[in-house]
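Work through the exercises below with the sequence and the 3D structure at hand. Try each task before reading its solution.

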Amino acid sequence: MKVLGRALREASKTVPFRLVSFAGGKSRNAIPRDAVAVCSVAAGDEDAFGGAVAAAAETIRDAFSKTDPGVSVATDAGDAAADPWSAEATARVLDAVALVPTGPLALSPDFDDLVETSTSLGEALTEGDRLTLHSLSRSSNDAALPEVIAALDAVARLAGGELEIKVNYGGWRPNLDSPALAAAKTVYERLFGEPPIVTAVHAGLETAVIGSKVHGLDMLSFGPQIEFPHSPDERVSVPTVERFWRLLVAFLDESSAKRT
């Protein structure tokens, strides 16, 4: 959606048009792979508009040549569109899409190269003359989120809209001195003959929900390896399921023995 918004915004500098709709993504917590916009162009400007989008697409392809070489933007003629948005509303929408923050915002102080705070634009929905943008913001540091929310609120107000906040997972900071973690490391090394690699993930975890209700719990979150999360290619690594189960059972045995 950010790529499409950029292409249209750059094209608007040379060929005037008005948006009819802007849509993309399937869920606010999934990485969008495509987006579609319906644009109303004055008669005779169709080829110029297509050329302006193509020029913008070439610049975008060059920008993402290393990280996403398959990115593309294309135009296609359609039927005459009724009730396009005004030129002013079109400009506000494209400005809003450009301003909505997306991507990593801060790194964890506990683990190298681990994202602590991020926000992503996951979905755009057009219903008549109303555009809704869904973003997912998350952080293991709850104190970092107000600044992210303030930025999204500012974008909404500047675009003539409003921000609605739906609370999901809270933050859960890693505790490297956790007794549960120490026990899990001991059990892992006994089972598999080597020390585990201790790290964290940038994701919403049920432990954060539990910890917000029952304070002071010593909690540990682990499981089988999930690949390509929040995308259509999401899958679990089958060999790691068996290793996870062995570790879980042994960890529970270890914890029970210490309590008796």
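The exercises go from the whole chain to single residues and contacts, and the model they use is a predicted one.

**Exercise 1. Overall form**

Task: Find how many helices and strands the protein chain has, and decide whether the chain is a compact globule or more spread out.

Solution: 
- Step 1. Counting the elements gives seven helices and seven strands.
- Step 2. In sequence order they follow the pattern α-β-β-α-α-β-β-β-α-α-α-β-β-α.
- Step 3. The radius of gyration is 23 Å, while the globule rule gives 18 Å for 260 residues, so the protein chain is more spread out than a compact globule.
- Step 4. The box around the C-alpha atoms, taken along the principal axes, is roughly 80 × 35 × 30 Å.
- Step 5. Of the 260 residues, 28% count as buried.

**Exercise 2. Salt bridges**

Task: State how many salt bridges the structure holds. Then examine the bridges of arginine 9, aspartate 153 and glutamate 254.

Solution: 
- Step 1. The structure holds eight salt bridges.
- Step 2. Arginine 9 is bridged to aspartate 95, and their closest N and O atoms are 2.9 Å apart. This passes the test for a salt bridge, because the cut-off is 4 Å.
- Step 3. Arginine 9 is in helix α1 (residues 2-11) and aspartate 95 in helix α3 (residues 87-99), so the bridge ties together parts 86 residues apart in sequence.
- Step 4. Arginine 9 is partly exposed at 35% relative accessibility, and aspartate 95 is partly exposed at 33%.
- Step 5. Aspartate 153 is bridged to arginine 157, with 3.3 Å between the closest N and O atoms. These residues are four apart in helix α4, so about one helical turn separates them.
- Step 6. Aspartate 153 is partly exposed at 28%, whereas arginine 157 is exposed at 53%.
- Step 7. Glutamate 254 meets arginine 190 at 3.2 Å, N to O. Glutamate 254 belongs to helix α7 and arginine 190 to helix α5, so this bridge joins parts 64 residues apart in sequence.
- Step 8. Glutamate 254 counts as buried because its relative accessibility is 18%, and the cut-off for buried is under 20%.

**Exercise 3. Aromatic rings**

Task: Describe the pair formed by phenylalanine 222 and phenylalanine 244, and say which residue lies over the face of phenylalanine 192.

Solution: 
- Step 1. A pair of aromatic rings is described by the distance of the centres and the angle of the planes.
- Step 2. There are four aromatic pairs in the structure. In the pair of phenylalanine 222 and phenylalanine 244, the centres are 5.6 Å apart and the planes are at 65°. The pair is therefore edge-to-face, because that class takes angles over 60 degrees.
- Step 3. Phenylalanine 222 is in the loop between α6 (206-213) and β6 (226-227), and phenylalanine 244 is in helix α7 (residues 238-259), so the pair links distant parts of the chain, 22 residues apart.
- Step 4. Phenylalanine 222 is partly exposed, at 31% relative accessibility.
- Step 5. Ring pairs join Phe222, Phe244 and Phe251 into a cluster.
- Step 6. Over the face of phenylalanine 192 lies arginine 243, at 4.1 Å from the ring centre.

**Exercise 4. A surface patch**

Solution: 
- Step 1. Isoleucine 165 is in the loop between α4 (145-158) and α5 (179-192). Isoleucine 165 is exposed, at 52%.
- Step 2. Isoleucine 149 is in helix α4 and is partly exposed, at 26%.

**Exercise 5. Positive phi**

Task: Consider the phi angles of aspartate 113 and phenylalanine 228, and locate both residues.

Solution: 
- Step 1. Most residues other than glycine have a negative phi.
- Step 2. Aspartate 113 has a positive phi of about 65°. Aspartate 113 is in the loop between β3 (103-107) and β4 (115-127) and is exposed, at 71%.
- Step 3. Phenylalanine 228 also has a positive phi, near 50°. Phenylalanine 228 is in the loop between β6 and β7 (235-236) and is partly exposed, at 47%.

Note on methods. Residues are numbered from 1 along each chain as its sequence is written. This is a predicted model: local features need pLDDT of at least 70, side-chain atom pairs count only at pLDDT 80 or more; totals for chains, interfaces and linings use all residues. Side-chain values use heavy atoms; hydrogens and water are left out. Helices (H or I, at least four residues) and strands (E, at least two) are DSSP runs, numbered from the N terminus. Buried means under 20% relative accessible area, exposed over 50%, partly exposed in between (1.4 Å probe, protein chains only). Rings of Phe, Tyr and Trp (its six-membered ring) pair if their centres lie within 6.5 Å; planes under 30 degrees apart count as stacked, over 60 as edge-to-face and the rest as tilted. A charge sits over a ring if NZ of Lys or CZ of Arg is within 6 Å of the ring centre and within 35 degrees of the ring normal. The radius of gyration is taken over C-alpha atoms; the globule rule is 2.2 Å times the number of residues to the power 0.38. A salt bridge is a side-chain nitrogen of Lys or Arg within 4 Å of a carboxyl oxygen of Asp or Glu.
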